[in-house]
Amino acid sequence: MGIIRQGSARPRVAAVVPTYRPGDEVPHHMRELISQVDALYVVDDGSGPAAERVLAEVESAGARIIRLDRNRGIAAALNAGVRQALADGADYVVNTDQDT
């Protein structure tokens, strides 16, 4: 049995991926993930300038990048991403690791 939503379109699913110092493999993983969800939020947990090239690649693939000003930990990164996804209209939010 599925979820029935009266008068509503298909539920919007967003994915949140917290990241800290992302490696070169991350854009590949994010391109695969973005094809499976309606919106992808990659939360940079204060990686600094060294991560900009990788984050730019991820952003050009269609992800929304949320940058935290300093490393705040995985819980804060997840919370920031979930808050933004819900504010943007997501019905469901899932999370995964940057190297999945």
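A: Contact here means heavy atoms within 4.5 Å, and helices (H or I, at least four residues) and strands (E, at least two) are DSSP runs numbered from the N terminus. The model is predicted, with pLDDT of at least 70 needed for local features and 80 or more for side-chain atom pairs, while totals for chains, interfaces and linings use all residues. Residues are numbered from 1 along each chain as its sequence is written, and side-chain values use heavy atoms, without hydrogens or water.

Let's start with the sheet. It is open, and its 4 strands are ordered β3-β2-β1-β4 with parallel pairing (two strands pair if DSSP finds at least two bridges between them). The edges belong to β3 (64-67) and β4 (92-95); each has a single partner strand, so one side of each lacks a neighbour in the sheet. From one strand to the next, the twist averages 25°. Strand β2 (residues 39-44) runs parallel to β3 and is joined to β3 by 4 bridges, with Val-43 having Ile-66 as its bridge partner in β3.

Now for the helices that pack on this sheet. Helix α1 (residues 26-34) touches β1 (13-19) and β2, and the direction of α1 makes about 150° with that of β2 (axes are lines fitted to C-alpha atoms, for helices over the stretch in contact, and angles between N-to-C directions run from 0 to 180 degrees). Helix α2 (residues 52-60) touches β1, β2 and β3, at about 145° to the direction of β3.

In α1, the buried residues are Val-26, Pro-27, His-29, Met-30 and Leu-33 (buried is under 20% relative accessible area, exposed over 50%, partly exposed in between, with a 1.4 Å probe and protein chains only). They cover an arc of only 160° around the axis, which places them on the same side of α1 (the arc is that of the directions from the helix axis to the C-beta atoms). Their cover includes β1, β2 and α2.

Helix α2 buries Val-54, Leu-55 and Val-58. Here the arc is only 95°, so these residues sit on the same side of α2, and what covers them includes β1, α1, β2 and β3. Val-54 has a relative accessible area of 3%; beyond its neighbours within four places in sequence, Val-54 is in contact with Pro-22, Gly-23, Asp-24, Val-26 and Pro-27. After α2 comes Gly-62, with a positive phi near 115°.

Those contacts lead to the nonpolar cores (sets of buried Ala, Val, Leu, Ile, Met, Phe, Trp, Tyr and Cys residues joined through side-chain atoms within 4.5 Å). The largest has 14 residues, among which Val-17, Met-30, Leu-40, Val-42 and Val-58 touch the most other members. β1, α1, β2 and α2 each supply at least two residues of this core. There is also a second, separate core of 11 residues, with Ala-14, Val-16, Ala-39 and Tyr-41 among them.

Ala-77, Ala-80, Gly-81 and Ala-85 are buried in α3. Because its buried residues fall within an arc of 125° seen down the axis, they line one face of the helix. Their cover includes β1, β2, β3 and β4. The face turned away from that buried side carries Arg-83 and Ala-87, both exposed. Just after α3, Gly-89 has a positive phi of about 100°.

Finally, two loop residues deserve a glance. Arg-21, in the loop between β1 and α1, counts as exposed at 58% relative accessibility. Most residues other than glycine have a negative phi, but Arg-21 has a positive one, near 50°. Arg-70 lies in the loop between β3 and α3 and, leaving aside neighbours within four places in sequence, is in contact with Asp-45 and Gly-46. Arg-70 and Asp-44 are 26 residues apart in sequence, with their C-alpha atoms 9.1 Å apart.
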